[in-house]
Amino acid sequence: MSVERNITLPPEQQEIKEAFRALVKAYGGQDAVAKRLGTRQQRISDCCSTTTDAFPRADEIATLEAETVGYPGHPHVTTVLARQRLRELVPTPNIAATGRDLLMLFARQSKGNSELAEAILEAHEDDHVDCAEAEQIETAADQVIATALAIRAEARMIQREYRQ
């Protein structure tokens, strides 16, 4: 099967290719990915290239992303696909919902809201938010969102207990 190698993809598809290329790099390169997926290196190269219409399969992306947890940019492709569909990925909290931790989570949420407000106020002290300040704000906002998700999980656990 011959692959056309001089096409121009729309920007959305180019962004997916760039994310896959970053995922391949995080995994260890095209040869390592080809070996892991049981395919040819040339196919992986075509999936990375913005001038071909070859794309990785969903199961291939899932396999590679599952094995690159913790690497910068993770999950590379899933994040781009979500953003292109006007969705955001937020890590879920690493705690088990017991239905008994609402007060502790509420305290954590209050602290997180305070830290987020502090980051925003500090960033605006000079009437200019720079990249490092924006990263601090994003990190604080992610923590607030993660804690809110934990509160929701706790509330759902309590509801399940009462319905049983």
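1. The lining of the largest pocket comprises five nonpolar, four polar and six charged residues. In this classification Ala, Val, Leu, Ile, Met, Phe, Trp, Tyr, Cys and Pro count as nonpolar, Asp, Glu, Lys and Arg as charged, and the others, Gly among them, as polar. The model is predicted: local features need pLDDT of at least 70 and side-chain atom pairs count only at pLDDT 80 or more, whereas totals for chains, interfaces and linings use all residues. Residues are numbered from 1 along each chain as its sequence is written, and side-chain values use heavy atoms, with hydrogens and water left out.

2. The largest pocket holds about 350 Å³ of space. Of its 15 lining residues, T79, L89, P91, E138 and D142 are the closest to the centre. Two elements, α5 (76-84) and α7 (131-163), each give two or more residues to this lining, and α7 gives the most, with four. A pocket is an open set of points on a 1 Å grid over the protein atoms alone, where a 1.4 Å probe fits, with protein on both sides within 12 Å along at least five of seven lines; lining residues have an atom within 4 Å of a point. Helices are DSSP runs (H or I, at least four residues), numbered from the N terminus.

3. Helix α1 (residues 11-27) and helix α4 (residues 58-66) have axes that come within 10 Å and cross at roughly 45°. F20, L23 and Y27 of α1 make the contact with I61, L64 and E65 of α4, contact being heavy atoms within 4.5 Å. By class, these residues are five nonpolar, no polar and one charged.

4. Helix α2 (residues 30-37) also packs with α4, at an angle of about 115° and with the axes 11 Å apart. This makes α2 roughly perpendicular to α4. The crossing of α2 and α4 is right-handed. V33, R36 and L37 in α2 meet E60, T63 and L64 in α4; by class, this contact has three nonpolar, one polar and two charged residues.

5. Most residues other than glycine have a negative phi, and most peptide bonds are trans. H74 and P75 are joined by a cis peptide bond, with omega about -10°, and P75 is found in the loop between α4 and α5. L86, a residue other than glycine, has a positive phi near 60°; L86 lies in the loop between α5 and α6 (102-123).

Notes:
Axes fitted to C-alpha atoms, helices over the stretch in contact; angles between N-to-C directions. Points joined across faces, edges and corners; volume = space filled by probe spheres on them. Parallel < 35°, antiparallel > 145°, perpendicular 65-115°, else oblique. Left-handed = near helix turned anticlockwise from the far one by under 90°.
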